[in-house]
Structure formats: structure tokens, C-alpha cells
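This report goes through one structure in short sections. Please keep the sequence and the 3D view open while reading.

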Amino acid sequence: MGRPQWRLQDARVVVLGVVMILAWAGIGYRLFQVQGADAAMLSQRGFDQRVRHEEILPKRGTIYDRDGIELAVTIYGSSLVADPALIDDPAGAAAVIGPLIGANIADVAVKLESEGRYVPLARQLEHAEEEVLATAIEEAGLDGFTFVEEPVRIYPSGTLAAPVVGLTRLDDGAGIEGIEAIMDGALAGRPGSRIVERDAAGRAIPQGELLIEPAIPGSDVILTLDREIQHTSELALGAAIEEGALGGSVIVMDPSSGKILAMVSLPSFDPNDRSALDPATLRNRAVADVYEPGSTLKVVAVAGALELGIVGPTTMIETPHEITIGNEVFEDHSELPGAMTVADVVAKSSNVGTIEIQRRLGNERHYAFLDAFGLGRPASIDFNPEAAGRLDHYSAWCYSTCGASAAIGYGIGATPLQMAGVYATIANDGEWVEPHVVAEIIGPDGERVVSEPRRRHVVSAETAGLIRQMLLGVVEGGTGRRARIDGFSVGGKTGTSVKFDVEEGVYSEDETIAWFVGIAPIDDPAIVIVVVLDAPTGLLDDGTELKFGGASAAPVFAEIAESVLHQLGVTPDKD
Amino acid sequence: MTSTTRRFDQAGSMLDTSDVPEPPTRWRRRSRANAVAVRERRSILLVVPVVMLLIVGLGAMLSASSVVSIRETGDPLFYIKRQVLWVGLGLAAFVITTRVPYRFYERVAVPIYLLGVAGLAATLFLGDVRGGARRWIEVGPITLQPSEFAKLATVIVLAAILARKGPLLRKLGHFAVPVVTVVGSISVLLLLQPDFGTALLVAGTAFSVMVASTAPIGYLAGAATLGGLLAVGGTLAMDYRRARITGFLDPFADPLDTGHQAVQSLVALGTGSWFGVGLGASRARWSFLPNAHTDFIFAIIGEEIGFVGASLVIVLFAAFGFLGIRIALKAPDMFGRLLAVGIVGWLSLQALVNIGGVVGALPITGVPLPFVSSGGNAMLINLAAVGILVNIARAGTSRS
């Protein structure tokens with residue numbers, strides 16, 4: 001076998017073998033490069049494509065009424081997310097998904113053809129909705145769809161107290177209105193984080209490392225609102241607005257504690273139906289709207305004069321039909337005697353008499369009392385935004401006209417909440433208590449923080465008592481007769497201010513803001529109620545125009561007060 | 001069943017050793033006893049890398065196929081159960097072919113070739129289209145892939161023809177006509193599926209048989225030039241093949257499309273680095289790397305057991321090639337030699353092309369890794385081919 005040809009043939013096979021071994025060596029060297037030198041870069045690429053640092057959204061706190069009934073609560077739902085890179089047939093997939101999420105098929109198809117790899121198609125899905133979608137996706141054999149857990153904010157009580165409770169933003173769940181906004185820091189909680197490995201379709205890899213720093217849930221907020229009283233108040237105000245008014249607000253408050261039992265702002269909105277949301281209805285009129293308080297503010301000048309001993313309840317005040325101060329003429333609305341006691345000035349709501357009392361008190365001292373009663377600054381820390389109202393420093397008042405105007409509630413702007421504070425001070429024996437709606441905050445660990453309202457001495461208990469008797473007179477025999485209710489002695493004050501058109505900068509010719517602020521029972525007050533109607537129109541049976549507070553706002557007070565006093569179990573003080 | 005008769009088919013063949021002088025008697029006695037032992041050791045040695053590759057392959061498949069198994073069938077063991085079954089059938093085929101004298105294939109070479117052509121032709125008419133290609137025929141619960149059998153058939157018929165032609169190969173007609181007929185018919189049928197990767201593989205395998213034959217070097221150069229031109233032309237003719245080339249040259253330029261498989265494959269290997277992420281801990285199999293349990297199984301091996309394990313696979317294939325070439329060198333006749341070269345060339349080239357594609361040294365061609373990738377037909381035919389090699393080894397001379 002040693003012949004040359006044989007060796008040549010052998011050599012050719014040997015060459016094949018050598019080439020093969022060299023090829024393997026080359027492949028091996030390349031493997032060495034990939035798994036050695038390039039490994040760091042490549043494994044980083046792999047890490048980046050599958051490892052996600054994800055935020056865990058904390059469960060937002062619940063908002064309760066004072067009896068523990070849920071007003072706003074977070075449940076876990078999901079959103080449907082598409083990865084267009086994995087979808088072969090966007091049109092076909094859109095035809096399956098579109099009808100189930102209530103979206104136009106063409107719009108969905110456009111989203112499925114987009115460039116991104118994380119395209120949310122439907123948000124805030126509850127579990128039943130997710131199951132229907134998941135089944136359809138499974139049956140159609142679609143790739144590239146996944147459900148991402150997401151908190152869903154729902155409002156079990158619907159429209160009830162909606163402007164107070166507020167709203168969260170869809171994108172990030174942050175509070176943007178009402179208590180949701182002002183208490184956002186407490187409600188939101190703190191996000192946690194986790195590191196999840198996800199496959200190319202975004203599904204979690206079961207064996208992927210999962211480092212979790214748990215989210216800290218938000219605190220629960222318990223409001224002072226009483227669902228029943230709130231409901232009663234909304235019905236009563238709603239009925240009055242139906243009669244013919246642009247809107248209105250009601251505050252029901254416990255004067256001794258400052259707790260707001262009901263706060264109504266109409267027209268309102270349904271926080272569970274964002275598609276129908278009208279931004280104008282989001283405003284909480286009870287704290288955001290500033291009106292001239294009109295006659296309801298007369299009690300401040302009178303209380304000041306009484307407190308300082310400038311007049312007594314029986315002091316006689318000259319009350320001509322009209323007086324001229326500077327170049328302004330002030331007159332009374334109806335025929336009144338030429339002279340009255342201070343009590344009657346209040347009961348009959350005499351402008352001329354009140355201006356005379358204010359003149360004796362003087363601008364500086366009048367201003368001091370207006371300030372002490374809480375005008376010109378936000379009454380509470382619980383609202384966002386709460387208007388400050390308008391109270392110029394007395395040094396800026398015009399020589400005499402401004403003081404006269406201020407006495408009868410013109411030239412000063414007040415929110416319904418500020419007026420609630422004024423009357424609650426009178427009801428609470430002269431001590432101003434901060435009106436508030438947040439009763440308690442309960443942390444995730446169960447720690448409770450109870451609201452401590454600010455308190456401030458304004459007038460003596462004696463002065464407050466005298467004013468209450470005058471307010472009783474208003475209802476018993478004065479302008480507030482329609483606020484009377486069976487079984488309880490009620491005191492209060494009507495008010496009618498000409499509506500100021502902000503856009504035109506002029507007073508309206510016929511539109512008014514109709515007020516009634518009342519206290520009941522008058523000797524041992526349990527509630528203070530403010531009723532404000534925006535531009536009420538129409539006539540009562542006896543021909544009285546509803547634009548006056550005594551005609552439109554006082555009956556709303558009566559309806560609410562009667563019901564609320566019974567709900568609170570207050571003992572009747574009158575036959 | 002060792003053949004002890006030395007039969008030479010061709011009168012005047014270059015392999016005819018009848019004129020070799022007999023060695024001295026003493027030496028011959030020793031060598032007779034020695035010869036059997038050497039031949040047995042050589043055949044057993046060849047089996048060692050193959051069995052180790054089978055074990056590595058089943059282990060890698062257990063992990064690589066679990067995700068796709070559970071998503072397609074709900075049973076994470078679906079593919080591995082089938083694979084174990086096919087390995088069993090393959091080992092049975094191996095045992096049978098080790099016992100069939102390899103010269104039998106020379107006699108039935110033409111019928112085997114015709115059967116291979118018929119299988120490929122049937123595929124074109126009866127086959128199921130999957131992923132845009134017609135490569136499989138469903139027969140009850142079994143899926144036949146005639147291209148796997150066609151590779152072996154090509155090797156057998158070429159070895160038979162080139163061995164029989166002997167000195168006639170010096171004439172161009174005697175060389176070119178049979179080679180072009182066999183390689184051309186099989187390649188065209190494969191291209192019609194289309195399966196460009198397997199066609200290239202068949203051509204490359206055929207070339208290794210020609211190199212080992214007595215054909216003049218000039219003809220080989222001509223065949224290589226013609227084949228190379230056809231391969232380049234075929235590559236440029238189709239968009240998706242051009243895309244594979246651009247994806248190979250710079251996979252990171254378009255990592256989501258043309259470079260997708262290459263990038264994901266390299267990422268898997270890089271993630272494995274020196275020692276791997278651990279058995280069953282592959283991340284690439286989670287829908288990042290397509291065909292993780294078939295064409296890209298080597299990437300999963302590299303990811304799970306690192307360079308240490310992946311380079312072992314390369315060493316095993318190199319060892320298989322080395323031992324196979326040695327069997328070819330010691331084959332008792334020209335047909336045995338060409339058959340052995342063809343089988344070793346085919347399986348080694350397929351492994352080189354597959355792993356070369358996975359590590360980014362070659363373009364991706366879509367051929368499976370012998371003994372390792374999922375796929376029953378390939379497993380059966382590959383193990384049967386190894387059995388033939390063993391049979392040739394046992395028949396070999398003890399020349400040292």
C-alpha cells in the first residue's frame with residue numbers, strides 16, 4: 001500500500017480532515033470572543049431587553065363619611081396594553097378588540113400599527129371586563145396583548161357630595177379636585193418598586209428575579225359629612241334650583257365643633273362617568289364662589305356695637321326711609337317706623353338703621369369685628385381652592401360710603417363657608433371655630449390623626465345670645481318668616497344682594513344672590529345652615545318675588561333644618 | 001459482524017492491494033490479533049462523542065423546548081417526550097446499520113437515490129406548508145421530512161458512482177455527468193421547497209466526496225467555482241436570503257428584523273459567558289430567541305452551561321470529525337472511504353454551518369444541529385449514518 005497514488009489519495013482525505021479541524025478551531029475562537037470579550041455588552045443587552053424596573057402603585061386611601069360609608073375607594077382593575085411589534089394583522093386584531101372596548105375599529109387599527117411597544121388601548125377595566133377581553137383574545141389566537149394591573153378609583157356614592165370629595169386624574173391617579181386634591185399627600189401613599197423579568201411579549205418570566213420594595217398604601221380620610229344629611233340637603237337645594245335658579249350651595253354645620261355635616265354645590269357631576277364631565281360643574285360653590293353677603297352681614301356691625309356697649313338691644317335708632325351719605329342714597333325696601341329698637345332694626349332688616357349703628361361703631365372697630373368673624377381670609381384648610389373673599393383694610397375704605405355699604409353687606413365679598421363661620425360664632429356663644437370637613441386621617445398602620453380646628457374668641461356669650469334673640473325675631477316676625485319650622489325655635493337672617501357681573505364689571509339689573517343663614521334651636525344651637533341661590537327667578541303664590549332670600553332661600557333652610565334636626569335627634573324646644 | 005474478506009470491486013482499481021507483499025508470518029500473527037482490537041476500539045471511540053452529544057442535546061432540549069411546549073400544548077414535556085422516542089428509534093436504526101455490511105449500499109445505491117428523489121418530489125405535491133416552505137409530509141401521527149433521507153442518499157449514490165468509475169474519472173464526461181445529475185436533481189428539488197440551506201449543504205457534502213475520490217484536482221476546482229457562483233447567485237436572487245447576509249454582516253444595524261435571530265442568539269451566548277446561567281435557567285427561550293429548541297439549540301447550551309459547556313460541544317464535533325476521517329482513511333475499499341468521507345463531511349459541515357450561524361461566524365441557514373436539535377427524521381437518519389460509519393470502521397484495515 002505504499003504506492004504514491006495511494007498516498008496522494010490519503011493526502012486528499014487528510015486535507016479534508018485538517019480543513020474541518022481548522023474550521024472548528026475558527027468557530028471555537030469566535031465562540032470564545034462572543035462568550036468572553038463581548039459577553040458583558042451582550043448580556044447587558046439581554047438584561048435591558050427583559051429586566052424592567054417597575055413602580056408598584058400604592059393603593060390609594062379610602063374617603064369615608066363620618067359613619068364609615070365609602071365615598072371614594074380604589075379597587076384593582078387593569079388596562080389592556082398592546083405591543084404592535086408582535087401583531088401581524090392589526091386590522092383583524094382591531095376587529096376583535098374594538099367592539100369590546102367600545103372603540104372605533106379603525107382607530108384601534110391605527111394604534112396597533114403605531115411605532116411604540118407599549119400602547120394602552122383601554123384603561124380602568126374591572127375584572128369582568130378583563131375576562132371577556134381575555135377570552136376573546138385567546139379564542140382569536142392574538143399575540144401582543146397583555147393586561148397590566150392598575151388601580152381604579154370608583155365613587156360608590158355617585159354624585160353625592162361629588163364637588164367636596166373631588167376627583168383623581170386618570171393618567172397617574174393623583175387627586176385634582178376637592179378632598180382628593182387637598183388630601184392627596186395622605187391619600188396617595190408611597191410607591192414601591194420591583195424588578196421583573198419579562199419575555200418578549202411582556203409576560204412575566206416565572207423564574208425571573210423579583211425584588212420587591214412594597215408600596216405603602218395611602219391613608220384613609222374620614223370626613224365630617226353625614227351621608228343622610230348630605231342627601232337631604234342635596235334634594236332640598238336641587239328642588240329649589242328646579243324652580244328656577246342657575247345654581248346654589250348649602251352648608252350644614254355643627255357650630256360648637258366646626259364640623260360640616262353637609263356641603264352641597266349644584267349643579268354637580270358624576271365622578272364615575274368621566275365622559276360626561278362638564279368642567280364648570282367641578283367647582284365647589286360653597287367654598288369657591290364669592291358673593292356680596294348683603295343683609296346677612298348686618299349682624300357683624302350690630303354685634304360689634306353691642307359688644308362694645310355702644311348700643312343695647314333696646315336702644316332706639318332713628319330710621320328715616322332714606323339717608324344720603326356722601327353722594328349715595330341708602331333706603332329701606334319697605335315702609336318701616338321712623339324709629340326702632342336695635343332688635344327691630346335687625347328683625348326688619350333696616351338698612352338705614354344698620355348704617356346708623358355702624359356709624360356709631362366706626363370703620364376701624366367695624367373692620368376689626370369683620371376680621372375677627374373671619375371675613376377676608378380662607379376659613380378652613382380643608383378646601384382647594386378656597387376663595388379668600390374680599391375685605392379691604394379700613395384705611396383703604398372711602399370716607400363714609402364704604403362703611404355704610406359694608407354695614408349692609410356690600411363692597412365685601414364672602415364665601416358661603418365664611419358666612420357659616422360668622423353665624424356659627426354667634427351660635428357658639430361668641431367663639432369662632434374653624435369650619436372643617438376632614439375629621440380624621442387613619443394611616444396604613446392604623447394611626448389616627450384627629451383634626452383640631454382653630455378657635456378664636458370674637459364676642460362675649462352675652463352679645464352672641466342677644467344677637468340670637470334678634471335673629472329669632474327675624475324668623476318669628478321679620479323678613480325670615482318662611483324659615484320657621486314646627487317644634488323648633490329658629491333664628492336667622494335673610495340676604496339679597498344684587499348679582500355682580502364679573503365679566504361686564506357692573507351690577508346686574510335683575511339677577512340676585514339670595515341668602516338665608518339660620519341657627520336652630522336658637523337657645524342651644526345644634527346646627528347652622530347657609531343657603532345660597534344663584535339668580536333665583538319666579539314668584540311665590542302670594543306674589544313675592546323669589547329673587548329675595550326670604551322667599552327662595554329661607555324655605556330651603558326650613559326644609560333642611562326640620563329634617564336634619566330630627567336626624568340628629570335634637571329635642572324640640574317648642575310646641 | 002466484522003467483514004474479514006477483502007473484496008475489491010474494480011479490477012485495476014487503485015485500491016487493489018493484491019500485489020502488496022505479505023508481511024513476515026510472526027508479525028502477521030500478532031497483527032491479526034491486534035487488528036480486531038484496534039478496529040473495535042476505533043468504532044467504539046466514534047460512538048463516544050455521538051452519545052455525549054445526544055445526552056447534551058436532550059438536556060438542552062428539556063429546557064429549550066419547555067416554554068414553547070407549554071404554550072403550544074400545555075404540556076412542558078411535549079417536545080422532549082417525542083425527542084426521547086426518536087432517539088430510541090434512532091438508536092435502533094444505528095444498531096441495524098452497524099450490522100448491515102456497508103457494501104450492501106453500493107448495490108442498492110441507485111434505488112436509494114431514486115427513493116430520495118421520489119420523496120423530495122412527493123413533498124412538493126403532498127407536503128404541508130409551514131413557515132412558507134413545503135418540507136414535511138404528514139403520515140398519520142408521523143411527519144416525514146424526505147430532505148433528511150435525501151442527504152444520506154446523495155452520499156451513498158455519489159460514493160458508489162465515484163468509487164466505481166475509478167480511473168475513468170480522469171475523463172470530464174465520466175466525472176461531470178453523474179455529479180451534475182445527482183447533485184443537480186437533489187438541489188433543484190430542495191430549492192423548489194424552497195430549502196436553500198439544505199441544498200447548499202448537499203452540494204458541500206458532495207464536494208467532500210469528490211475531494212476524496214480520484215477525480216483530478218482541476219475538475220474539483222471547476223466544480224467548486226461553479227458551485228460557488230451558483231450559491232452566490234442563489235443568495236442574491238431572493239430578498240430574504242440577501243436579508244440574511246446583511247443580518248449576518250451587521251446584525252445590530254437592524255436588531256428587530258433582519259438581525260433579530262442573530263442578535264438574540266449572541267445575547268443568549270453572551271448572557272451565558274464563561275460558566276452559564278445554570279441548567280433550566282435560560283432567559284432566551286422566553287420568546288426572545290426563535291427556534292430555540294431546533295436551529296438555535298446551541299445558543300441555549302451556551303447560555304445555560306457557558307463557554308465551558310459550549311466549547312465541549314465543539315470539541316465533541318471536532319472529535320467526531322477526526323475519528324470519522326480516520327475511519328475513512330482506513331476503509332478497506334474506495335466505496336467505504338467515499339461513503340465514510342461523505343457521512344462525516346455531511347454531519348460535520350451541517351454542525352459547522354449551524355454553530356457558525358449561531359455564533360455569528362456564518363450567515364444563518366436554518367439547518368439543524370446533528371444529534372442535538374429537535375427533529376425526529378434528522379435524528380433517525382443521523383444515527384443510522386453513524387451506524388454505517390461504525391460498520392466501515394469494523395471492516396477497516398489495521399494499517400498503522
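## Overall make-up of chain A

How many helices and strands does chain A have? There are 18 helices and 23 strands in chain A. The model is a predicted one, and the values below are computed from it.

Chain A has 575 residues, and buried residues make up 52% of them. Among the contacts in chain A with a separation of 6 or more, 71% are between residues 24 or more positions apart.

## The disulfide

The count of disulfides over all chains is 1. This disulfide is formed by A:Cys398 and A:Cys402, with sulfur atoms 1.9 Å apart. The angle about the S-S bond is 110°, and the link of A:Cys398 and A:Cys402 is right-handed.

Are these cysteines buried, exposed or partly exposed? A:Cys398 has a relative accessibility of 33%, so it counts as partly exposed.

Side chains of opposite charge can pair when their charged atoms come close. Over all chains, the count of salt bridges comes to 24. Some of them are described here.

In one salt bridge, the side chains of A:Glu434 and A:Arg454 meet at 3.3 Å, N to O. This pair links distant parts of the chain, with the two residues 20 residues apart. A:Glu434 is in the loop between β17 (431-433) and β18 (438-442) of chain A, and A:Arg454 is in the loop between β19 (448-450) and β20 (455-457) of chain A. A:Arg454 has a relative accessibility of 40%, so it counts as partly exposed.

A:Arg448 and A:Glu440 form another salt bridge, and here the N to O distance is 2.7 Å. A:Glu440 counts as buried, because its relative accessibility is 17% and the cut-off for buried is under 20%.

## A salt-bridge network

A:Lys499 forms a salt bridge with A:Glu511, and the closest N and O atoms are 3.9 Å apart. This pair also links distant parts of the chain: A:Lys499 is in strand β21 (residues 491-501) of chain A, and A:Glu511 is in strand β22 (residues 506-520) of chain A, 12 residues apart. A:Lys499 is buried, with a relative accessible area of 19%, whereas A:Glu511 counts as partly exposed at 33%.

Which residues are joined into one network by salt bridges that share partners? The network holds A:Arg283, A:Arg285, A:Asp289, A:Lys499, A:Glu511 and A:Asp534.

## Where chain A meets chain B

At the interface, 41 residues of chain A are in contact with 65 residues of chain B. The two chains bury about 4500 Å² between them, and 68% of this is on carbon and sulfur atoms.

The interface of chain A and chain B has 1 salt bridge. In a salt bridge between B:Arg337 and A:Asp10, the side chains meet at 2.5 Å, N to O. On the side of chain A that touches chain B, α1 (4-37) and α2 (39-50) of chain A each supply at least two residues. The largest share of this side, 21 residues, comes from α1(A). By class, the side of chain A that touches chain B has 19 nonpolar, 11 polar and 11 charged residues.

## Two buried residues in helices

B:Ser265 is found in helix α10 (residues 260-272) of chain B. B:Ser265 counts as buried, because its relative accessibility is 0%. Apart from neighbours within four places in sequence, B:Ser265 is in contact with B:Leu289, B:Phe296, B:Ala299 and B:Val358.

A:Gln418 lies in helix α16 (residues 416-427) of chain A. What is the relative accessible area of A:Gln418? The value is 1%, so A:Gln418 is buried. Leaving aside neighbours within four places in sequence, the contacts of A:Gln418 include A:Gly374, A:Leu375, A:Arg377, A:Pro378, A:Ala387 and A:Gly413.

Key:
Residues numbered from 1 in each chain as written. Chains lettered and ligands numbered in written order. Predicted model: local features only at pLDDT ≥ 70, side-chain atom pairs only at ≥ 80, totals over all residues. Heavy atoms only, no water. Disulfide = S-S within 2.5 Å. Buried < 20%, exposed > 50% of the residue type's maximum accessible area, 1.4 Å probe, protein only. Salt bridge = Lys/Arg side-chain N within 4 Å of Asp/Glu carboxyl O. Helix = DSSP H or I, 4+ residues; strand = E, 2+ residues; numbered from the N terminus. Contact = heavy atoms within 4.5 Å. Buried area = accessible area lost by both parts, 1.4 Å probe. Nonpolar A, V, L, I, M, F, W, Y, C, P; charged D, E, K, R; others polar.
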